[in-house]
Amino acid sequence: LPSGTEIIDNAKIDFKGGKPKVWEERQQQPRKILITGSSGYVGQHLLASIAFQGIGGKTDSNQGATYEIFLAYNALPTFEDDLALLLEHKKLHPSIAKIQSISNIDFSNSEYIQLLQNAGATSFDAIIHLAALSSPGFCENNASDAWKVNCPIDLLSFGAPIIYLSTDQVYEGTKSY
């Protein structure tokens, strides 16, 4: 390799003259974020915050970076209308290049990865997992579905870091409460 060049994660990176060349190219491509359970309480508030304040808020250390936000949800009939109302009243943060909703994503159905990919969500830089079955009784009686929805391990196939957030309570479905 020429002097000043390294290979990191199979990418040839030229460190000559300041910023690495691959970093500059990466800054030009939008970063893709998947938010599961985006139609829920936390998901809708997180979306509003990201849409109007950006990913880093007022102190965004990734200046110049842009983001595509993919909103995966199962079946809330009013979500598309709620999303349209939210987005029509304020201008998106300049770092948000795109917001796309993907409906009928049911983590208890093994085909959810294919549904995400069919909607154009083929890779992600980060996944924020908010989707969950939260009813203790349902989780106890349907432990397999509780595991599939609350811990969807097939999301690991995207190779992106997963941030898991939950409100109030999470049930594994094996204990009586």
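Tutor: Start with a definition. A residue is buried under 20% relative accessible area and exposed over 50%; in between, the residue is partly exposed. Keep in mind that this is a predicted model.

The largest pocket holds about 480 Å³ of space. Its lining has 26 residues, and the closest to the centre are G37, L130, A131, A132 and L133. How is such a space found? Rolling a probe the size of a water molecule over the atoms shows where empty space is left.

The largest share is from α2, with three residues.

Look at α6 next. This helix covers residues 143–150, and W147 is found in it. Is W147 buried, partly exposed or exposed? Its relative accessible area is 48%, and 48% lies between 20% and 50%, so W147 is partly exposed. A132 is among the residues closest to the pocket centre. Along the chain, W147 and A132 are 15 residues apart, and their C-alpha atoms are separated by 9.3 Å.

Turn to strand β6. It spans residues 126–129, and H129 is found there. H129 has 1% relative accessibility, which is under 20%, so this residue counts as buried. What is H129 in contact with, leaving aside its neighbours within four places in sequence? Its partners are T36, F107, V149, N150, P152, L155, I162, I163, Y164 and L165. Two of these names, V149 and N150, fall within α6, residues 143–150.

Now step back to the whole chain. It has six helices and seven strands. From the N terminus on, the order is β-β-α-β-α-β-α-β-α-β-α-α-β. One piece of that order is a right-handed β-α-β unit, made by β4, helix α3 (residues 79–88) and β5. Its two strands, β4 (residues 67–72) and β5 (residues 96–102), pair in the parallel sense over six bridges. In one of the bridges, F70 has Q100 of β5 as its partner.

Finish with the totals. The chain has 177 residues, and 33% of them count as buried. Take the contacts between residues at least 6 apart in sequence: 72% of these join residues at least 24 apart. The accessible surface comes to about 10600 Å², and 52% of that belongs to carbon and sulfur atoms.

Key
Residues are numbered from 1 along each chain as its sequence is written. This is a predicted model: local features need pLDDT of at least 70, side-chain atom pairs count only at pLDDT 80 or more; totals for chains, interfaces and linings use all residues. Side-chain values use heavy atoms; hydrogens and water are left out. Two strands pair if DSSP finds at least two bridges between them. Helices (H or I, at least four residues) and strands (E, at least two) are DSSP runs, numbered from the N terminus. A crossover is right-handed if, with the strands pointing away from the viewer, the path from the first strand over the helix to the second runs clockwise. Buried means under 20% relative accessible area, exposed over 50%, partly exposed in between (1.4 Å probe, protein chains only). Contact means heavy atoms within 4.5 Å. Accessible areas come from the Shrake-Rupley method with a 1.4 Å probe; for residues, only the protein chains shown count as cover. On a 1 Å grid over the protein atoms alone, a cavity is a set of points where a 1.4 Å probe fits but cannot get out, and a pocket is an open set with protein on both sides within 12 Å along at least five of seven lines; lining residues have an atom within 4 Å of a point. Grid points are joined across faces, edges and corners, and a volume is the space filled by probe spheres set on the points.
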